[in-house]
Amino acid sequence: MGHTMAEKIIAAHLLDDDEAAASRSAQGGAPDVWPGDLVEVSVDLVLANDITAPIAIQEFAKLGVGGVFDPGRVVLVPDHFTPNKDIKSAEQCRAMRQFARAQELTTQFEVGRAGIEHVLLPERGLVVPGDVIVGADSHTCTYGALGAFATGMGSTDIAVAMATGHVWLRVPDTIRFVYSGQLQPWVGGKDLILYTIGRIGVGGARYMSMEFSGPAVRDLSMAARFTMANMAIEAGGKAGLFAVDETAQAYLAGRATRPGQVYEADEDARYSEVVEIDVSAIEPQVAFPHLPENARPASSAGDVQIDQAVIGSCTNGRIEDLRVAAFLLGGREVHPDVRCIIIPGTQQVYLDALREGLIESFIEAGAVVSTPTCGPCLGGHMGVLAAGERAISTTNRNFRGRMGHPNSEVYLAGPAVAAASAIAGHISTPEAVLA
Amino acid sequence: MRITGKVWKYGDNVDTDAIIPARYLNMSGAAELACHCMEDIDPGFVTAVQPGDVIVAGENFGCGSSREHAPVAIKAAGVACVVAKSYARIFYRNAINIGLPILECPDAADETEAGDVLTIDLAAGAITNGRTGRTYRTSPFPPFIMAVIEAGGLVPYTRKRMSARSAGAG
Ligand code: SF4
């Protein structure tokens, strides 16, 4: 019986004194893990942000170790409430900055030289195939797009990982998704993942690894793959993995800061379920409040007036996303009743967008362009909603109150539908706007 | 450890934004966070919850963000235990790590109503509903997780492990 990608990566990271590894090598076999095993593994990269790092640092202090396990493998990113939105956020960021300096972390990120963590880390080559990465942020699963086993945890887990370089894991079952067929115009990674979550539900992959595969996936850009892996957690998933192919290798070339190790799922890997999806039938999607599983074709949204459109976040804040938005917004105008907020994911994305002339198109269309930040995605700053207001957003969560007042509403979509809706003033499709 | 408390009942997919809205995440003190626990789905919770009360919920409790602030807020609000049909995995880990007792028990979650009084024996994994008199058994924690709970959370557990490891190496 063969193994899934997640099982192979975890097995390769087992600690020498892990019981599962020990019992297997006593029998003369190579380290081997199966779903349900509780194992201890070494980690390649540990991540926290300005919300989760302060607690992790407090817990780290209680462990009584002097330093982190490896100053080159602990990364702290200020992105949620930055540039600091108030005094409390400023103090959280200061605690994080002081820790980074005291620990002499080799990669120190700061406002003006950073961006949203899950866009930033792959861009800077800090994620390589075969890694085990743990982050005190649920969207750490984004890195599965590069064939890494990456998963979100809480601050205490991260404190222990920073100190020891180890974490405990339950080896997950894996659901395999096989995408086939021809993508329709304007359908991107966001539409595929919203459709998928609509199919299996927000708990459909709870505790599991999701393997995204099939001929339609092989044609997807890295940006689209990051978007899909990013939202594995929205189906309850522990990780969302893609095979490492030429597209991934091309992305890594000249960027990767370490050599990686490519793991492929075995032909006879044991999956808890295989879900076949014909992408030919998928239209651009929109997920209605208040769960990402409420996905339906944008063309059947009905008359939903919007007050705000947000294009950005760790889900859709990459240059490819901004190009799609600029294609639609260029030479058109944001509807007078809509505030359109565009947030490049990193300083590099911002600079690329500037050089390509996208920023000019956005501003001429009447949109606001912000410095990289999570900002409105979590109702933090830079576009918080009032009671009764509605936003269409390229972010990943539309829980009640996610973007502001508990009686506001968030509709999730990809950049094409979000930009089209910003122009129309209600949820719309790119076709309708171009017609 | 025995818990007797009044039940606060919630549905499926109670997410971490409902447990502690992100607008309060510019702080990390347990007492401050507790003041806003469940605020957006149940504004009356914080003022009426009593130490020792129990939260009972449906599927996928704690889905969403990795924020440890969520179990911290619940614990600091005085809740002694959470009983749900199922949990989102990060929430489950976080609760164990910070020492908030949580039990997975679909039948108990289904048959318990708001305001019922539950008596919970954590060591035995038994939940008794005072109104109906029914007792439910939950499956025991795996030994590793039990060891973390017995140590008082992941930090004390790790301290113990690290000193054992360095003693072994020396
Ligand atoms: S952009 Fe949104 S989902 Fe992504 S890390 Fe920031 S707050 Fe979390």
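A: Between domain 1 of chain A and domain 2 of chain A, 22 residue pairs are in polar contact, both residues being at pLDDT 80 or more; a polar contact is a pair of N or O atoms within 3.5 Å, where, within protein, one must be able to donate a hydrogen and the other to accept it, and residues adjacent in sequence count only if both atoms are side-chain atoms. On the side of domain 1 of chain A that touches domain 2 of chain A, the elements giving two or more residues are α5 (117-123), α7 (189-200) and α9 (222-230) of chain A. Helices here are DSSP runs (H or I, at least four residues), strands are runs of E of at least two, and both are numbered from the N terminus. The most comes from α7(A), which gives six residues to that side of domain 1 of chain A. By class, this side has 17 nonpolar, twelve polar and seven charged residues; Ala, Val, Leu, Ile, Met, Phe, Trp, Tyr, Cys and Pro count as nonpolar, Asp, Glu, Lys and Arg as charged, and the others, Gly among them, as polar.

The model is predicted: local features need pLDDT of at least 70 and side-chain atom pairs count only at pLDDT 80 or more, while totals for chains, interfaces and linings use all residues. Residues are numbered from 1 along each chain as its sequence is written, chains are lettered from A and ligands numbered from 1 in the order in which they are written, and side-chain values use heavy atoms, with hydrogens and water left out.

The two parts are domain 1 (5-277) and domain 2 (285-434) of chain A, with bounds from an automatic or database domain assignment. Their C-alpha centres lie 26 Å apart. In contact (heavy atoms within 4.5 Å) are 36 residues of domain 1 of chain A and 40 residues of domain 2 of chain A. Together the domains bury about 3,000 Å², with 65% of it on carbon and sulfur atoms; buried area is the accessible area (1.4 Å probe) that two parts lose on being put together, summed over both.

The rule also finds one salt bridge across this interface, a salt bridge being a side-chain nitrogen of Lys or Arg within 4 Å of a carboxyl oxygen of Asp or Glu. A:Glu234 and A:Arg397 form a salt bridge, in which the closest N and O atoms are 2.5 Å apart.
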